[in-house]
Amino acid sequence: MSIAPPEFDVMSRGPDTGARSEDYLWTLNFGPQHPATHTTLRLVLKLEGERVVDAMPEMGYLHSGFEKIGEHLTFNQYVTVTDRMNYISPIANNVAWHHAVEALLGLELTSRCKYIRTIVAELARISDHLLSNGAVGLDTGAFTFFLYAFYQREVIYDIFETLCGARFTNSYTRVGGVSQDFTPLVIEKIRAFLKTVPKTLDDMERLLTRNRIFVDRTKGVGVLTKEEAINRSATGPVARASGVTRDLRKDEPYLAYGDLDFKVACASAGDCYARYLVRMQEMRESLRIVQQALENLPGGPVNVGIDQRTALPTKKQVYSSIEGTISHFELSMANRGFEVPFEESYAAIEAPNGELGFYIVGDGDDTAYRARCRPPSVLHFALFPFLIRGHTLSDVVAVLGSLNIIAAELDR
Amino acid sequence: MPHTPPAVDDVVAALAERFGAVEPSVYRGQTRVVIPAEVAFEAFEVLKNQGFDLLVDVTCVDYLDYKGAKHRYGLVYLLANTATNQRLTVRVFADDPDPTVASIVPLWEGANWLEREVWDLFGIRFEGHPDLRRLVMPDEFTAHPLRKDYPLQGRGERHNFPVITRDHS
C-alpha cells in the first residue's frame, strides 16, 4: 500500500485567503537529539497536517575524520577506530578491516583463524539484528520485545569479554590473525548461548510477528522495489527484503563461508515488515553457521607463521628461535613494520547492515595511504526521503528503525 | 585471500573498442580500467547497459607525492553485476586547478550522496549533480580535509565558526 503525495488544493481549504498551497505546509525539526533517532542524526520534515511531503536528512554531527586518521595509524592500530564505526557490531568491522588489509597484502589465513573470524562475525550479526529489530519494536510501542532482545545481547557481550577482555570495543583481529585464540571457556559459553537463543527468538516472534498493532504499523510502510534497491545501492537486509538475492557470504565466499551450509533470507515485499522478517530469519541462519563452525573448528595455529612477518609470534617462538626474536623486534619497532606493495585493492564482507568494504591504497609502509570505508548506513540513509514521502509522521520512526542507521558509521 | 570474481574480459574489450586504450590491469583478481574524464559518462552508460547495475562505491584518492603518480586525483568507481557477481573498478583521473568530472547520478541514484561526500572531502566538482552540497562537514567549512596537503590537526577553521549564544539562538 503506497500512498501518493497529496495534491494541494487551495479551494478545499475554505475561503481563499490568498495563501499559496505551500503556505499550509509546516516544518518539523526531528533530531539531532531525539530519543527515536537513537543516534545523532537530523531530519527536517516538511509536513502537510500529519502527512510527510518531503524529508531532508542531514548528517555529519558525529564526523570525526576516521578516514583521515586511517592515513596516520598502522593497520593494526586502526582496528581500534573501526570498533567505533558500527558500534552495535564492532567485531564485524574489525573482521572487515583486516579482511581488506589481508587482501591488499595477499595474505592467506590459517583455517582455524578463518573459522574463528566466521564465528565472531556471525555472533556480531546476531547482536546487531537483535538490537535493530528490538529498536523497531521499541519505536512502534513494543517495549517488552526490546528487552527480550537486549537480554541475549548481554550474553553475546559476555562471550566477547571472555574472548578478548572487552565487551564493547573489541579490537579483536590483527593482520594475519586474531588477538586471542578461543579457550575452552569461550567455546562452552558459545554452546550455552546457542542452546538458549532459539527460545528467545521464538518468544520474540510470538510477541511481534503476528501482532496486529505491529503489523499495521509496518506492513506497506516504506516500500522499496527491487529496481530502486539496486539503483540506489542498497545492500544487506534492506536489499534482501526487496528481493535482491545478493549476499557476499554466498556470492563471494570469504573466510569459512564456502564450507558451511546456510540459506540467504530474502523477502519480496520491500516494506518495514519484510525487513523485520529478513532480520529474524538471518539470526536463525547465523545460529546454524555458528553451530557448524564451532563443531568443525580446526586445530593448529591461529595466526599466520613467522615467515609471513605480519602477525606477532608467540612468546615461546620469541624466546626459543632466532626468527621469532627478529620478527618480534621488527614488528614492535616504530620504524620497522612490514612491507606493503604500492598497490590498491577493495575487499568487502557482508556486515550485519550490508556490504562493508574498505578500499586501501598501500605506499610501502604499514600505514595506509588512503583507507576508504564503504559504509552501508550512508546509502541507506540516502534512501530515507524516498521511502517516507506520502506516509505519516508516526511512520518516520518505523522506517528509520528498519533501515538501522548507525550515525557513527554514517558520519565516520 | 578473498574470492576472485568472474572475469570481465568481454566488458574490457568492449570498452577498449569504443574508447581506445583503457589500460586494463589486474591486482589480486580485481580488474581495473582507466577511462579518460571527457568520455567518462558515456563509458558508464556502456557499462550499465553491459549489466553492471549496482554502484558499490564512489571515492577518490589524492596522489600528491605518491610514487609514479601522473595525476593528482584518482576517482574510484566500484561497480558490480548483481546477476553474474562480476566486479569492475573504474578509475577516472582529474587535476588541479579545477578538478571536474561528470556526475553519474542520472545513471545510478546511489551516486548522489557518494559524490557529495567526494566533493566535500576532496573538492572534486561533479558536473550535472542535482544537489552538490557538503555532506559531512559543516556548510561554513572552507577546506577539503581529505586532501593530502591538509594537515591532520586541521588549520584552525573552527575558530572562525560563529558562536551562538542562548540569547541569539
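## Terms and model

Helices (H or I, at least four residues) and strands (E, at least two) are DSSP runs, numbered from the N terminus. This is a predicted model, in which local features need pLDDT of at least 70 and side-chain atom pairs count only at pLDDT 80 or more, while totals for chains, interfaces and linings use all residues. Residues are numbered from 1 along each chain as its sequence is written, and chains are lettered from A in the order in which they are written.

## A sheet in chain A

In chain A, 3 strands form an open antiparallel sheet in the order β6-β7-β8, where two strands pair if DSSP finds at least two bridges between them. Because β6 and β8 of chain A stand at the edges with a single partner strand each, one side of each is left without a neighbour in the sheet.

β6(A) and β7(A) pair in the antiparallel sense over 8 bridges, and A:Ala348 stands opposite A:Gly357 in β7(A). Helix α3 (residues 90-105) of chain A lies across β6 and β7 of chain A and runs at about 40 degrees to β7(A); axes are lines fitted to C-alpha atoms, for helices over the stretch in contact (C-beta atoms, placed from the backbone, within 7 Å), and angles run from 0 to 180 degrees between N-to-C directions.

## Where the chains touch

The contact between the chains takes 37 residues from chain A and 33 residues from chain B. On the side of chain A that touches chain B, the elements that each supply at least two residues include β6 (344-351), β7 (354-363) and β8 (365-374) of chain A.

Key: Two residues are in contact if their C-beta atoms, placed from the backbone, lie within 7 Å.
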